[in-house]
Amino acid sequence: MAKMWAGVTDGMTAKIADDFNSSIHFDSRMYRQDITGSMAHAAMLAAKGIISPEDADCLVAGLEAILGDIESGALPIDMECEDIHMFVEQVLTQRLGDVGKKLHTARSRNDQVALDIRMYLRQEIDDITDLVRKLLAVLVDKAEEYKSAIMPGYTHLQRAQPITFGHHLMAYAMMLLRDVDRLSDCRKRMNFSPIGCCALAGTTYDTDRYFEAEKLGFEGICLNSLDGVSDRDFCVELMSAISVLMMHLSRFSEEIILWSSWEFKFVELSDAYTTGSSIMPQKRNPDMAELVRGKTGRVYGDLMALLTTLKGLPLAYNKDMQEDKEAVFDACDTVKMCLEVFCGMIKTMSANTQNMKLAAQKGFINATDLADYLVKKGLPFRSAYKISGQLVALCIQTGTVLEDLPLDTYKTYSDLFDSDLFEAIDLSNCVEKRISVGGTSVASVESQIAYVKAIL
């Protein structure tokens, strides 16, 4: 079949070349943006007297009909077409005749595809942001539920100091807030219209690029036509923001996988978000968390693929840039799926607060508070540190914990120990004494929760 771009050539290409060159199997998802952009273009052409108002009305009505037919299923997208732009124009010309051929005046597929993908990804950012906010709301509710549940805080994956589960969950909430900011910043830089840049050098027609930009909800226009058609920074930036978001989800997944193991037993995942084994009936596998962790590498790959594609391209448009779509579409699809699953997994997750507290006690994570007790009694910190370490060693030898050592034993190490010691090293008090802003006390966690709620 001859192509609509036939002219200097006969437009007849080999079947294998058609298949290799075609992008409609993945860019067809932008049909709405392509049609909406064309409506604005037709309106601009009429406003500037480049085509008649009657022709513009005819074009807009024809485009609206095509959009309606695609969405109703009455018009299947022809996968034999080269891309979604040529499909829409071909159908429009079939339906309207010569009037349909006027639509492509003062534009090129180069600026048309740049427009479509900006409009499409602008909506994707909004959808992803909504899902992040949904997950934030789930996290805040769960943090509220467990704001006083004591657990070990870790460094080097070694028990370090007592915190609350609510505090730990709010750490991820703060990460997600930054993700929302990154997505918002990316959207701002993306929201400039390339339409009117044409193939690379602009056009001889007296167009109004600002008219189209405003009609399509853009903040402004790309001010250099070469840059307008060849820029894919916004794709890279979005995929970078998504990669950071996926990294956060992956870190959280790793902890959920650890916590749900028999070795920790800190949390229990709902049956709805675990799977079983084909031969081991006792297994409840955290497959959803593992898949999120695994799909993070996939999104990183999408980002690296596009960066590598772009790194050696001269200006302006090159066919290599067709490779942007599958990568960025896959990254968006993947993160949305992961966020949806994550919301349900966290919402239905329960914490085993007894196991958490027992792990905190056995980890001697109140040893720092024991040393602080002696310091407040006047002992130099290094001396207090040594005594605390000796007492921990004694507990390990005798199979007990600091809270259960008798006061007489403490006094053999220092006369500064008194009966108020046990209040100082009580895990609940250790947590509540962390009164600094951002700390793990219940009041601090409540403040963090209120902060996120105010933003949401």
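**Figure 1. Salt bridge between glutamate 144 and lysine 453 in the predicted model.** The side chains of glutamate 144 and lysine 453 come together in a salt bridge, 3.0 Å from N to O. Glutamate 144 belongs to helix α6 and lysine 453 to helix α19 (residues 442-455), so this pair ties together parts that are 309 residues apart in sequence. Glutamate 144 is partly exposed at 31% relative accessibility, and lysine 453 is partly exposed at 44%.

**Figure 2. Salt bridge between lysine 134 and glutamate 340.** The closest N and O atoms of lysine 134 and glutamate 340 are 3.4 Å apart. Lysine 134 lies in helix α6 and glutamate 340 in helix α12, so the bridge ties together parts 206 residues apart in sequence. Lysine 134 has a relative accessibility of 41% and counts as partly exposed; glutamate 340 is likewise partly exposed, with a relative accessible area of 41%. The structure holds 27 salt bridges.

Figure 3. Aspartate 179 is buried, with a relative accessible area of 1%, whereas arginine 182 is partly exposed at 30%. In a separate network, salt bridges with shared partners join Glu82, Asp83, Arg109 and Lys319.

**Figure 4. Aspartate 126 and arginine 187.** The C-alpha atoms of aspartate 126 and arginine 187 are 8.7 Å apart in space, while the two residues are 61 residues apart in sequence. Aspartate 126 is part of helix α6 (residues 109-145) and counts as partly exposed, at 27% relative accessibility.

**Figure 5. Hairpin of strands β1 and β2.** Strands β1 (residues 150-155) and β2 (residues 158-164) run antiparallel and are joined by six bridges. Tyrosine 154 stands opposite arginine 159 in β2. Two residues lie between the strands, and histidine 156 takes a positive phi near 60° in this hairpin. Leucine 157, in the loop between β1 and β2, also has a positive phi near 60°, as a residue other than glycine. Leucine 157 is exposed, with a relative accessible area of 56%.

**Figure 6. Helix α11 and the residues that cover it.** Helix α11 has 24 residues and reaches 35 Å from its first C-alpha to its last, close to the 34 Å expected at 1.5 Å a residue. Its buried residues are Ala289, Val292, Thr296, Val299, Asp302, Leu303 and Leu306. Among the elements covering these buried residues are α10 (233-259) and α12.

**Figure 7. Leucine 315 in the loop between α11 (287-310) and α12 (324-347).** Leucine 315 is joined to alanine 316 by a cis peptide bond, with omega about 5°. Alanine 316 is also placed in the loop between α11 and α12. Leucine 315 counts as exposed, at 62% relative accessibility. With Leu200 and Leu226, Leu315 makes a nonpolar surface patch of about 270 Å².

**Figure 8. Lysine 265 in the loop between α10 and β5 (267-268).** Lysine 265 has a phi near 55°, a positive value in a residue other than glycine.

Conventions:
Residues numbered from 1 in each chain as written. Predicted model: local features only at pLDDT ≥ 70, side-chain atom pairs only at ≥ 80, totals over all residues. Heavy atoms only, no water. Patch = residues over 30% accessible without salt bridge, like charges linked within 9 Å, V, L, I, M, F, W, Y side chains within 5 Å. Areas by Shrake-Rupley, 256 points an atom, 1.4 Å probe, with all protein chains shown as cover. Salt bridge = Lys/Arg side-chain N within 4 Å of Asp/Glu carboxyl O. Helix = DSSP H or I, 4+ residues; strand = E, 2+ residues; numbered from the N terminus. Buried < 20%, exposed > 50% of the residue type's maximum accessible area, 1.4 Å probe, protein only. Pairing = 2+ DSSP bridges. Expected span 1.5 Å × (residues − 1). Contact = heavy atoms within 4.5 Å.
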